[in-house]
Amino acid sequence: QDALHFARKELFKRKSLHEVGLSPETKTFKTVANAFMAKMQGLVDIGDTTQDNYDKYLDILNRHLLPYFDKKHISKIDIEDIDGYFIYRTKKLTNKGTKPTHTTLNRESPVLRRILSYAADRDWIRRVPKIKTYKRIINARPALSEKQWISFNTFLQNYHNHQNRMIQEEWENNRLP
């Protein structure tokens with residue numbers, strides 16, 4: 001009875017994989033990504049996502065993720081591979097000859113995460129490795145000290161008073177007799 005149940009479950013699993021264009025033996029990143037994008041196109045068709053969103057995902061996939069992960073077996077992608085990808089991406093120059101910004105890298109993370117989540121939902125991988133996001137480095141100026149604030153406030157007050165005197169003098173000089 002257990003063997004029959006296992007066989008039916010395995011047959012159903014293999015048929016499901018075949019229906020979305022995947023072979024149960026060869027689930028590479030590329031085949032999973034293609035199946036995910038096919039699903040996403042279906043979401044565009046029914047209005048659950050936009051064509052623009054689909055196009056952005058496809059661009060990130062084709063320009064960045066596939067060249068790195070292409071033939072890698074989906075179940076063998078681990079946190080070291082993902083860290084390696086982001087190290088590779090931070091060193092690879094953009095078309096403008098600069099390194100990618102944190103914002104650019106943070107746009108790629110959700111695409112990779114969604115593809116891996118798609119695989120996890122279908123039991124092709126056990127779990128989605130944690131994908132880090134990059135924090136934007138901000139060199140914010142700290143608050144003014146009390147001495148700086150007093151100096152700044154005094155300057156503004158003097159400037160305001162000077163402007164008022166200039167306006168008053170101009171008014172006096174241009175007044176009709």
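Colleague: How far apart are D59 and R63 in helix α3?
Modeller: They sit four residues apart in α3 (residues 51-69), which puts about one helical turn between D59 and R63. Helices here are DSSP runs of H or I with at least four residues, and strands are runs of E with at least two, numbered from the N terminus. An α-helix has 3.6 residues a turn, so residues three or four places apart point the same way.

Colleague: What do the side chains of D59 and R63 form?
Modeller: A salt bridge, at 3.2 Å from N to O. The rule is a side-chain nitrogen of Lys or Arg within 4 Å of a carboxyl oxygen of Asp or Glu.

Colleague: What should I know about the model itself?
Modeller: It is predicted, so local features need pLDDT of at least 70 and side-chain atom pairs pLDDT 80 or more, while totals for chains, interfaces and linings use all residues. Residues are numbered from 1 along each chain as its sequence is written, and side-chain values use heavy atoms, without hydrogens or water.

Colleague: How many salt bridges by that rule?
Modeller: Five. One of them joins R89 and E108, with the closest N and O atoms 2.7 Å apart. R89 is in helix α4 (residues 79-91) and E108 in helix α5 (residues 102-121), so this pair ties together parts 19 residues apart in sequence.

Colleague: Is R89 buried or exposed?
Modeller: Buried, at 3% relative accessibility. E108 is buried too, at 2%. Buried means under 20% relative accessible area, exposed over 50%, and partly exposed in between, with a 1.4 Å probe and protein chains only.

Colleague: And D59, how does it count?
Modeller: Partly exposed, at 35%. R63 is partly exposed as well, at 45%.

Colleague: What does H64 touch?
Modeller: D59, Y85, R89 and E108, leaving out residues up to four places away in sequence. Contact means heavy atoms within 4.5 Å. H64 lies in α3 and is buried, at 10%.

Colleague: Switching to α2. What span should its 18 residues have?
Modeller: 26 Å for residues 29-46, and the end C-alpha atoms are 26 Å apart, which agrees. The expected span is 1.5 Å times one less than the number of residues.

Colleague: Which helices do the buried residues of α2 pack against?
Modeller: α3 and α5. The buried set in α2 includes F29, F36, M37 and M40.
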